[in-house]
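Please open the structure in your viewer and keep the selection tool at hand.

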Amino acid sequence: MRALDPRALALALLLEVEGGGVQQLLDRALDRVAWPERDKAYVTHLVYGALRRLRLLDHLLAPHLPRPEKLPPLVRWALRLGALEWLLGKPDHARVSPWVEAVKGRYPRLAGLVNAVLRRLAPREAPECVRLSLPDWLCERWRGFFGSLDFAEGFNEPAPLFVTALRKVEGLRPGPVPDSFVFEGPKTDFSALGLQPQNPASLFAAQLLEAQRGEKVLDLCGGAGLKAFYWASQGAEVVSYDLNPKRQEAGRRTAEKLGLKVAYRTQDLTLPIPERAKKVLLDAPCTGTGTFRAHPERRYRLAPEDPARMAELQRRLLETAASATEEGGVLVYAVCSLTEEEGEGVARSFLAGHPEFRPEPIACPLPVLREGLGVYVAPEGGLDGFYYLRLRKVDSRA
Ligand SMILES: C[S@@+](CC[C@H](N)C(=O)[O-])C[C@H]1O[C@@H](n2cnc3c(N)ncnc32)[C@H](O)[C@@H]1O
């Protein structure tokens, strides 16, 4: 990827994001350039800003661009980025000509158009869902289920960098749950500091198990084992299962750097596993509708049938998790999604078929969006939106 300056890099990344995940692309690209932190932060601001406000930017540009889909993608993204800077109040003299220059090299004949459009931008009323840059079908469902879309404003705000402390740390500002902190300053070798970047809402899913020193924990759909690191740092004996060996290999390396012991097993969890424990977490794959801040591109890729499709998989995974839970034990089901299907829907259908499990109340220190059998956390103040269900296996013969 050839990138001479922050604007050129932002454009190159947005062209690539159309086919991949933004977070990894950005991390990899910024690792490769030896730029001052200020320039790296500017690239991040442009890329996330454009993706978080994509529908609104297109809406603002629409009166001046009769057929935007006919433009080369690079020109379209340059216009969106110019519109983003207009929206955020950057004055014309600092905003227009850099984007004109950014397209001039490859599309000299379109430079005049970019100049004219960016100078003509004007405020324009936008429907709520366009202003929030969300798909219409999801807005409709969210209004129906949560009563309003106010919570979704949080998806478009920048978030602090939250870290989980895996050993005692000093001098960091505490986050909203125990052992969570806000890390100020550039990204660094977190493992060397005994830290793990992690959203507090994700950490809280691990804390709901209340794993004790020496206790066995099954981390189902554990990925690289971020939650496993937390229990291991508390002295629990953790076995982390996932389908993806690459993620687990990355996790193994991090666990080693952190000096933590986690056992990894690679398996498809729609099939039963050969062991049981009193503490089981299923952190199930999901639509990620609670993580639109960190993964803004996801909102444009989701289809209306995705929540129901994921819920079907989640129900199957929950069957495995239920069989792996010992009598008297706790099973926590968590997803970083805010849909009815993947949260309360899964909980209802699971409990209907499993009288041996009882939902337990959750004392949630995070802002609650809706409560039922489980709890939905609001994506406010940099939190990811999550759904948690805490279950107790009361009688395996029921
Ligand atoms: C929400 S992510 C887990 C995140 C992880 N627990 C963490 O804290 O970082 C869901 C995980 O489910 C895994 N997965 C998806 N389908 C699976 C299946 N059928 N069996 C086992 N793991 C699966 C994915 O590989 C992914 O790592």
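The stops below concern helix packing and then the ligand. Please note at the outset that this is a predicted model.

**First stop: helix 5 and helix 7**

Select residues 73–87, which form helix 5, together with residues 111–120, which form helix 7. Their axes lie 10 Å apart and meet at an angle of about 25°. Because angles under 35 degrees count as roughly parallel, helix 5 is roughly parallel to helix 7. The crossing of these two helices is right-handed.

Now show the side chains where they touch. Helix 5 contributes Val75, Leu79, Gly82 and Ala83, which meet Val114, Val117 and Leu118 of helix 7. In this contact, six residues are nonpolar, one is polar and none is charged.

**Second stop: helix 3 and helix 5**

On the helix 3 side, select Tyr42, His45, Leu46, Gly49, Ala50 and Leu51; they meet Trp77, Leu81, Leu84 and Glu85 in helix 5. Seven residues of this contact are nonpolar, two are polar and one is charged.

A polar side-chain atom of Lys227 is 2.7 Å from a ligand oxygen atom. For Asp242, a side-chain N or O atom lies 2.6 Å from an oxygen atom of the ligand. Finally, select Leu243, where a backbone N or O atom is 3.2 Å from a nitrogen atom of the ligand.

How values were computed. Residues numbered from 1 in each chain as written. Predicted model: local features only at pLDDT ≥ 70, side-chain atom pairs only at ≥ 80, totals over all residues. Heavy atoms only, no water. Axes fitted to C-alpha atoms, helices over the stretch in contact; angles between N-to-C directions. Helix = DSSP H or I, 4+ residues; strand = E, 2+ residues; numbered from the N terminus. Parallel < 35°, antiparallel > 145°, perpendicular 65-115°, else oblique. Left-handed = near helix turned anticlockwise from the far one by under 90°. Contact = heavy atoms within 4.5 Å. Nonpolar A, V, L, I, M, F, W, Y, C, P; charged D, E, K, R; others polar. Polar contact = N/O pair within 3.5 Å; in protein donor to acceptor, adjacent residues only side chain to side chain.
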